[in-house]
Amino acid sequence: MRSKVIGAVSLAVAAVGLFAATAPAFAQQKTITVWWGKGFYRSEDDALIDTIKKFEAKTGIKVELSQYAIQDMIPKTVAALDAGTVPDVAYSDSYDVQAQGKWAYEGKLEDLTDVMEPIKGRFVQNTLDASILYNDVTKKKAYYGFPLKQQSMHVQIWNDMLEKAGFKLADIPTDWTGYWTFWCDKVQPAIRKATGQRIYAVGQPMGVESTDAFQSFYTFMDAYHVKLVDDDGKLLVDDPKVRENLIKAMKDYTDTYIKGCTPPSSTTWKDPDNNVAFHNKTIVMTHNFTISIAAKWFEDSTNQALTQEQRDAGKKAYEQDIVTASFPKAPDGSTIRYRSDVKTGLVFTAAKNKPEAKQFISFLLQEENVRPYIEGALGRWFPVTKESQESPFWQADKHRKAVYAQFKGGTAAFDFTKNWKFTILNNENVWAKAMNRVVSEKVPVDKAVDELIARIKQVAG
């Protein structure tokens, strides 16, 4: 999807402006191009467009905005890099996971230290850390990106389905083995008996084209304290303990499928598919790397294009039926420390209007501009600034409170922030490929893990 934000005044005053302006004034007007991933909700995009209008009015710099679907952003950006026609500012939800570290390493990204250094005190430290990447051309780390928002892992449960199966939330075990056994061995047969429908207890993302698959698997690895790299990005996969625990994590993840506890189609799911299965109530619970599932029902409750009955159904689902929860305790009884994926925007070294691009980023990151953009996503993204994290928005309902509590409990960075070559592994989705070796090709778990380790060493060693 593509939209252009031209940044003109209204037609009613355009004629006046035309006669008032001089030719040199027009000649001096700057235009910057901005490429941006299409938002999940209209309110998200509206907030961005409002900020652009304010920026244009304040600076006289014109912004040409193009918005694209997330799956199109990296191919379009790579083509622009090859052609030397990059935008002045670019943001995509997929940049950090699949490309940004590589571009920083290769010297293709502009150093944004002069933007970030004066305002870094406003930002939470983990979001700054995720923006500081290594450049092999300059042989140094710097801000090769600006933090915009972040996300982490959550569990979404249909409480009304759980009750229909004869259980309540208090019945869900908090220990690792008991938790997964409860869903597969108790809830699934009970909900099928109660409804006469082939409902699955768990939605376990396993598709190679799904970022949910590798993000969820990282949570299983974290449950077993698997550490693939050290803080300097050096691989630790030759440690026998790492291999042992990686096998345990892979076994637990794939056992859900082997037991018939997740839909057979979950091996080919893309990112929206576990959401769709949840919305359709063909699964009772799923883990997801945002609360976009619950937020969809909130949006329904306020969508005036829907019928009153549909809005009421959205309100009931959001306020009563859907629960946002955490994972159980790790197998050793400890609390899992969740990964935070900090989404960052960037400027390329080949950009034609870098001073103006930096002006735009500085304006966007002002509290009064960045907060409406984040909150416009209805809880799907968590703020990167300290002040926005304490906004009343995050205390407004049980779902947002759960997100707030999870982030405040502390998070860890993904491996690609320490070793950029993990962006290649994520792009290949070696994690989901290993899962599919086990469940579809019947390869023993230890063999699939050994293949996974070999590929990690080949790419990131």
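Predicted model: local features only at pLDDT ≥ 70, side-chain atom pairs only at ≥ 80, totals over all residues.
Me: How many residues apart are Phe289 and Phe414?

Reply: The structure holds 38 aromatic pairs. One of them is Phe289 with Phe414, edge-to-face at 5.8 Å centre to centre and 65° between the planes. Phe289 sits in the loop between strand 9 (283-288) and helix 14 (292-302), Phe414 in the loop between strand 12 (411-413) and helix 20 (422-428). This pair links distant parts of the chain, the separation in residues being 125.

Me: Is Phe414 buried or exposed?

Reply: Buried means under 20% relative accessible area, exposed over 50%, partly exposed in between (1.4 Å probe, protein chains only). Phe414 has a relative accessible area of 1%, so it is buried.

Me: What angle lies between the planes of Phe414 and Phe416?

Reply: These two rings are stacked, 5.8 Å centre to centre, with 10° between the planes. Phe416 is itself buried because its relative accessible area is 8%. The angle asked for is 10°.

Me: Which residue's side chain makes a polar contact with the side chain of Asn353?

Reply: Asn353 lies in the loop between strand 11 (338-346) and helix 16 (354-364); helices (H or I, at least four residues) and strands (E, at least two) are DSSP runs, numbered from the N terminus. At 12% relative accessibility, Asn353 counts as buried. A polar contact is a pair of N or O atoms within 3.5 Å; within protein, one must be able to donate a hydrogen and the other to accept it, and residues adjacent in sequence count only if both atoms are side-chain atoms. At 3.2 Å, the partner is Lys30.

Me: Which residue stands opposite Thr33 in strand 2?

Reply: Strands pair if DSSP finds at least two bridges between them. Strand 1 (residues 31-37) and strand 2 run parallel, joined by seven bridges. Strand 2 (residues 62-68) is mostly covered, with five of its seven residues buried. Opposite Thr33 stands Glu64.

Technical notes:
Residues numbered from 1 in each chain as written. Heavy atoms only, no water. Phe/Tyr/Trp six-rings, centres within 6.5 Å; stacked < 30°, edge-to-face > 60°.
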